[in-house]
Amino acid sequence: FPFPYTPYRIQEQFMEALYGALEAGRVGIFESPTGTGKSLSLICGALSWLRDLEEKRRQEEARLLQGPSPAEPGQAGSTDAAGEPDWVTAFVQRKEERDKVDRLKEEQIRRKKREDRLEKIRNNVQLKYAAKRKRSEEDETKRLLQLSKEALSQGAGVDVLDQLDHNEEELILAEYESDEEKKVVSGLEEDDDDLEEEHVTKIYYCSRTHSQLSQFVREVQKSPFGNDTRLVSLGSRQNLCVNEEVRHLGALQLINDRCMEMQKNKHEKKSDEENEGKKRRVSRAVCPFYSYEQMQFLRDEVLVEVKDIEQLVSLGRETKACPYYASRYAIPAAQLVVLPYQMLLHEPTRSAAGIKLKDQVVIIDEAHNLIDTITCIHSVEVSGSQLCCAHSQLSQYMERYRKRLKAKNLMYIKQILYLLERFVAMLGGNVSQNPGCQTVSQTGTVLKSINDFLFQSQVDNINLFKVQCYCEKSLISRKLFGFMERYGGSAIAVKNNKENQKLAGLQNFLLTLQQGSDKEGDPPVEAENDQLRAASPLMQVEGFLSALTNANQDGRVILNRQGTVGESSLKFLLLNPAVHFAKVVEECRAVIIAGGTMQPVADFREQLLSCAGVDPARVLEFSCGHVIPPDNILPIILCNGPSNQQLEFTYQTRDLPQMMDETGRILCNLCNVIPGGVVCFFPSYEYEKQVYAHWEKRGLLNRLATKKKIFQEPKKANQVEQVLVEYAKCIKRCSQAGGQMTGALLLSVVGGKMSEGINFSDDLGRCVIMVGMPYPNIKSPELQEKMAWLDKTMPRAAGQAPSRVLIENLCMKAVNQSIGRAIRHQKDFASILLLDHRYARPAIFNKLPQWIRERTQVKPAFGSAFAELRKVRTSISCT
């Protein structure tokens, strides 16, 4: 499969290694720079292997269906090694063969039905128009029925149930049943039986963001496999929901809860309609897109033609079917499932989406931060103000509906209230007082094991598994959110409907006056409502309770006590990400962890795979070189500056004026000889700001500005694109106009918005400069606990403590991601300068990517490095 800009030999090596890993069921760590067409190579190699596997299976099926080969007659009265007579053994074998043949025949029938259905949809355009016409007729019928109901109901009274407003009916919690108590299956779930199919062997392709996945799907559409591959793009409800009433909620958890509630309303609608003789209950909102027939139609449309998420959403709006559930229903028959790797790595999300990993292939692309991602997914923080707010809201809710709630609901609500009281007490506060006014007597950060935290907070007698499951299944967070949306977050309990209506009228009147007096038109009340809409405190508490169900040795609870209880927080920190990755590795046939820059790979082997119990013999490492010629890259480790000042940017020395002056002189000299764009990375925003102010004071900034227009990376994500556009325009304008100014200088931050996922190709990045070594903050309590845990659980490597290896690896992963931004394709060229003599140490030097390391020059003096850069510029100009 020829790909653009990819030398055949590198592509061939990549494919051979990938095919071998899939065939042998290995866990592969694949490093391939972006210029090799890594993502497309991964999926084309995997799909090629999948085709071969399906062909082998069909040949084996055909052989078995032809009938067993005639067995040699055994001698009468003989027995086998187990002591069984031959005729018993032969009977058992024949029965097993017959059962296997029966299963194969059933699978053939299912596969033939599926292929015939998809082929019919693919070729029969009239079928699509018929489905559209049917939907239009159904919509018209529903509209007429609604009009007739409204006409009949005019003048009729509305029943009031137990003195509650009819709009409040949806806020009452249904009677809770745990999983072991559920015996009745809803009618819709019965209908879903024909959606259940045998899962075919498939490939789960994961990447970080939806935009990367959409870009990948477009590449698949253009590949040799684009026409006959059954591909499904998965996403969250936030990305796939087409119901505007639900989408406007904004927060993902609110969207999830509202969607599940509307489904439940639809299930209950049928039973309510059957009880015509009884007092009719109020109607509840149901989702018009949650239609079995339409979702089945959309499912087949997804399988017929490769579509990305945007196309899937557009088709869902057109067909009036839910893309979220239609894509889930398409998973069993799909050959390639594309999804964000947060969805695959989080087991509850994986189960809810219907993802079954048994004997499947998982490819995790852009996996350089895989360990951090797993840690972040399973770590959660809740503030003292959120705990107090959740307690206040839940107390009001319980008082309001105490007489309407079932006994089991009341029991669980009281348990949650008790947990909230104890958690606030651990922060040194009281739930009955304002958290912003309660001063904490002992400030600081304390780390505790899960068991110690539960014992000291006196909640060890409560089953957190059941409480967390109740929070998730009962939709209490959604009910509570709806309650607080209606009545606000007042600490005074709601009295009755009339008082509520008067209070609401007064609040609206005051709000009108406030809006009139507010010149900017943005009253604080609206800001508070937006904040409430963005995050419900009980949802955060639910996540914290779920985190506390981890094993005691796998995590820690961090008590961060600040000035007040509201500013304090409880945080669960996951220490062992392998415990959540182990199930993925155990169930899958093969797992491929791939990235453009995976060095150093020791973290993946030791922290992820070894701790997950993976046999070292099962791990395969593959790293291929870059596609650019050796002369197209010039990496230099610079040990001293122009004034012979040694470059060592430690925390003790980097703030010295002479170090910042030396850095400015280096950039001034480089900007004189390097055309186009120069990207300079600093260890942090604070240090970049400090250096910028120092250069401005010493006049170095004006010297730089004569050759390059200076841009700074913004902290806000919504401003990044604007800065990049202006940066690119400036470089293009300077290259066309000529003159004294030769391009632009972009001051960026390691780990910031521009250190990952941004392509500084061609003139956008002719030189990348790394100022110092971006070591993480070793004083961070989280990092210190991680280091202590590694020292206890991991063996020493090459005489180094595991904690020291972790610090170096975190630093070099960040460096490797940043310096790889400049070389993006085969004809690209750039120079890379590492400004710190410590990069020349063997332990650090060996953690650079191989394709950079083998071409790196160590320059003790600035003069020789500057001469190399001038030589490169001269050769480029001659070319």
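Colleague: In which loop does Glu567 lie?

Modeller: This is a predicted model, in which local features need pLDDT of at least 70, side-chain atom pairs count only at pLDDT 80 or more, and totals for chains, interfaces and linings use all residues. Residues are numbered from 1 along each chain as its sequence is written, and side-chain values use heavy atoms, with hydrogens and water left out. Strands are DSSP runs of E of at least two residues, and helices are runs of H or I of at least four, both numbered from the N terminus. Glu567 belongs to the loop between β8 (555–561) and β9 (569–574).

Colleague: Is Glu567 buried or exposed?

Modeller: Buried means under 20% relative accessible area, exposed over 50%, and partly exposed in between (1.4 Å probe, protein chains only). Glu567 has 52% relative accessibility and therefore counts as exposed.

Colleague: What separates the C-alpha atoms of Glu567 and Gly384?

Modeller: Along the chain, Glu567 and Gly384 are 183 residues apart. The separation of their C-alpha atoms is 6.4 Å.

Colleague: Which residues of α23 make the contact with α19?

Modeller: Helix α19 (residues 464–473) packs with helix α23 (residues 537–547), their axes 9 Å apart. Contact means heavy atoms within 4.5 Å. From α19 come Leu464, Val467, Gln468, Cys471 and Glu472, and from α23 come Glu542, Leu545 and Ser546.

Colleague: How many helices and strands does the chain have, and what percentage of its residues count as buried?

Modeller: The secondary structure comprises 34 helices and 18 strands. Of the 879 residues of the chain, the buried share is 49%.

Technical notes: Axes fitted to C-alpha atoms, helices over the stretch in contact; angles between N-to-C directions.
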